[in-house]
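Work through the exercises below with the sequence and the coordinates open beside you. Each task is followed by a solution that goes step by step.

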Amino acid sequence: MKKSQNFIKRENQNFILELIQNNDLITRPKLASLANMSPTTVSRIVAFLIEEGLIKETNQYTTGVGRKATYLALNPDSLISIGVELDESLVRYGVFDFLGEAIVTEETEKGIGESPESLVKTMHEVITRLIHENQIDRSKITGVCVGLPGLVNHKNGNVIKSAQLVWEDVPLLQMLEEQLPFPIHIDNELNLKAYAEQLFIKNNTSHSTVVIGFGSGVGSALMIGDQIYRGYLNSAGEIGHTIVDPNGMLCTCGNSGCLQTYIAERFLVQEASKKSDAQSLHDISSAAEEGYKWAQRILNRAITYASITVNNCVCMNNPDRVILTGKMIEQFPHIGNRILQESRDKIWSPLNASTSIEISQLGEKGVIWGAGMYSQKEYINHLNTNKELI
């Protein structure tokens, strides 16, 4: 019973915090009205949040005849978090305040197949330097959250398999904990980007959102409300390894004809090497624009399979919102727009009107922002673990 009561109290606390976040400036009576809670309950929660430094009272403003109203707002300097994205050839870092504003971001190159030990050492050096250079108060850091492609056990922080990083059975959380004195979280990059997308639109009424990534691999993530749908092994959304042609190209996973072999950059380059010396998606795109038929055929096929992917995700998950992201979308707008258009044309007609399809507005910062905000969420969820709840 006590555990159940504590859970309810924690949910109420988080709901009040979310209302303050979404409404910028808000009074206690307005909070009570929106939350459908008693003024006494709201006042107790607000007092606790002020005591913890998460929110603050602003200057008083006259609201009309009679008493002045005291407004509440988030305290941007109360929490600081660090988000990291590991990709095939780069690492992105972001340091964020409680409002989600970036204090600093940085991008560094990494070697293809770089060892976990080498990368963890570099991450430690970069994070330590960013904290020092930007005079970050270490006591306010809620943690470091790392997003990466592949199958990740988010509970123990082990990377089960990442084809893009060429990693398998890597205890990444443990390795980082030995280097950094902060709570560490490890998760799939698209899960974190989906979380960021859900946060991006204030007062978002979306019931479910699917984020689909097209780039160095192909994957998806599903948000139901404000929760990431993970599946049993946190592998929900690994659509890149669904088989579309058992006699197709050999995939890095060992199977043949996986969906990503028709869309992901490395496989497009592999196909292009039969006709040219193309080394990247940029080379293929440029050749297509110059009129080379082989390049146009490769891109046309990739766009077709990408749009089929969108339709399949809509049919399987029935979301009301689909967001397209990844290198192919964000760095090549003409390709992204074609995928967007063909996806709209291919959606199964009974679901067409109920599903919106759009291109991510977060771009390349989506993963590090989602990682930073997720770290803050985990901190808040455990804020009362060792103290008496309000």
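**Exercise 1.** State how the lining of the second largest pocket divides into nonpolar, polar and charged residues, and locate this pocket.

*Solution.* By class, this lining has 22 polar, 12 charged and 10 nonpolar residues, where Ala, Val, Leu, Ile, Met, Phe, Trp, Tyr, Cys and Pro count as nonpolar, Asp, Glu, Lys and Arg as charged, and the others, Gly among them, as polar. The second largest pocket has a volume of about 770 Å³. Of the 44 residues that line it, P149, Q164, E189, S216 and G217 are the closest to its centre. A pocket here is an open set of points on a 1 Å grid over the protein atoms alone, where a 1.4 Å probe fits, with protein on both sides within 12 Å along at least five of seven lines, and lining residues have an atom within 4 Å of a point; its volume is the space filled by probe spheres set on the points, which are joined across faces, edges and corners. The element that gives the most to this lining is α6, with four residues; helices (H or I, at least four residues) and strands (E, at least two) are DSSP runs, numbered from the N terminus.

The model is predicted, so that local features need pLDDT of at least 70 and side-chain atom pairs count only at pLDDT 80 or more, whereas totals for chains, interfaces and linings use all residues. Residues are numbered from 1 along each chain as its sequence is written, and side-chain values use heavy atoms, with hydrogens and water left out.

**Exercise 2.** Describe the largest pocket by its volume and by the classes of its lining residues.

*Solution.* The volume of the largest pocket is about 1200 Å³. Among its 40 lining residues, the closest to the centre are E18, Q21, N22, Y195 and L199. Two or more lining residues come from each of α1 (2-23), β5 (71-74), β8 (102-109), α6 (189-200) and α13 (366-381), and α1 gives the most, with eight. The classes are 19 nonpolar, 13 polar and eight charged residues.

**Exercise 3.** Find where T261 lies and which residues it is in contact with, leaving aside neighbours within four places in sequence.

*Solution.* T261 belongs to the loop between β16 (227-229) and α7. T261 is buried, with a relative accessible area of 1% (buried means under 20%, with a 1.4 Å probe and protein chains only). A polar atom of its side chain lies 2.5 Å from the backbone oxygen of C258. With those neighbours left aside, T261 is in contact (heavy atoms within 4.5 Å) with M249, L250, C251 and F267.

Notes
Buried means under 20% relative accessible area, exposed over 50%, partly exposed in between (1.4 Å probe, protein chains only). A polar contact is a pair of N or O atoms within 3.5 Å; within protein, one must be able to donate a hydrogen and the other to accept it, and residues adjacent in sequence count only if both atoms are side-chain atoms.
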